[in-house]
Amino acid sequence: MKIVVLGSAAGGGFPQWNSNAAGCRRARAGDPKAAPRTQASIAVSQDGVFWFLFNASPDIRQQIEANAVLHPSGAIRSTPIAGVVLTNGDVDALAGLLTLRERQAFTVYATSRVHGILNDNPIFEVLARDVVERRIIPASGPFVLTLPGGEPSGLTVEFFPVPGKVPLYLEQEGLLMNAPAPVEEGEQTVGAAISDGRSTACFIPACAMMTDSLRQRLAGVDTVFFDGTLWSDDEMIRAGLVPKTGRRMGHMSVSGEDGTIASFRDLGVRQKILIHINNSNPVLLEDSAERAEALAAGWTVAHDGMQIEL
């Protein structure tokens, strides 16, 4: 199984278009220790020919151009992208679908909850239904990713519920800025366990908290890409960015007693990779104390173009 990290940042990317924070300034200035990143997505292939995208970032066009494995190489209109797997309905997970609107055949895999978001918004009808199949997948049980002709790709995926919240644009009116976000565990936010029959990688770009069921799911997995949005819960408040905690945004912190590093300490995951990293998170900076702490704890910080073979 081959995996390419197309994008590793959270919504807005790094540097974020309207951020003048120190880290973003370093990235714009070309500081090699503050490498720019596009919004989170990975591409997975069993044969190195056909690829499946996990989430469709708003930066998808840039990501395709930056990775030759995703370039068209057959007919005048062609693509090696056989499908897109969506793990939630956030803007940074599905807005890139609008770029893939040129009557090109592929399959969109998502839960009924996420497909409901697409169905309710007529702008997504640019993905012509006679060309682009929308396949509803429950948040339980494995399913086979198929090639354009219907043949099995050699990859199976299993969705599993992950604690999360509804996308910001679907929040109930009147929910306070700093109130805890209502967290649910169902089809709104899922993780994806990707397998080729030999190895398994889990993709979890959004997670509000660690639970016993999630611990059991991840124990002993070969590779896990996990939500690295914020280093600390009050990070964005202290930086003067927005009056929101990480919990309010539906993301657990990397640090702290109940954070990601601590939660994974005894899970036996061979390769632990932080992804979906906010521009405010100092772990993005190679010379930061936070980066050193993450590395010492056995974590890798994802970067655009990163390649893994399992």
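Modeller: Contact here means heavy atoms within 4.5 Å. Please keep in mind that this is a predicted model.

Colleague: Which residues is Asn-281 in contact with, leaving aside its neighbours within four places in sequence?

Modeller: They are Gly-228, Thr-229, Leu-230, Trp-231, Glu-235 and Val-254.

Colleague: Where does Asn-281 lie, and is it buried or exposed?

Modeller: Asn-281 sits in the loop between β12 (271-275) and α9 (289-296). Its relative accessible area is 1%, so it counts as buried, the cut-off being under 20%.

Colleague: Let us turn to the nonpolar cores. How many residues has the largest one?

Modeller: The largest nonpolar core has 32 residues, and Leu-214 and Phe-226 are among those with the most contacts inside it. Elements that give two or more residues to this core include α5 (212-218) and β11 (223-227). Apart from it lies another core, of 31 residues, including Ile-3 and Tyr-109.

Colleague: What does Leu-214 touch, not counting residues up to four places away in sequence?

Modeller: Leu-214 touches Phe-160, Val-162, Ile-204, Cys-207, Met-209 and Phe-226.

Colleague: You mention Cys-207. How many disulfides does the structure hold?

Modeller: It holds zero disulfides. For Cys-207, the nearest cysteine sulfur belongs to Cys-202 and is 12 Å away. Cys-207 is buried, with a relative accessible area of 0%.

Note on methods:
Residues numbered from 1 in each chain as written. Predicted model: local features only at pLDDT ≥ 70, side-chain atom pairs only at ≥ 80, totals over all residues. Heavy atoms only, no water. Helix = DSSP H or I, 4+ residues; strand = E, 2+ residues; numbered from the N terminus. Buried < 20%, exposed > 50% of the residue type's maximum accessible area, 1.4 Å probe, protein only. Core = buried A, V, L, I, M, F, W, Y, C linked by side-chain atoms within 4.5 Å. Disulfide = S-S within 2.5 Å.
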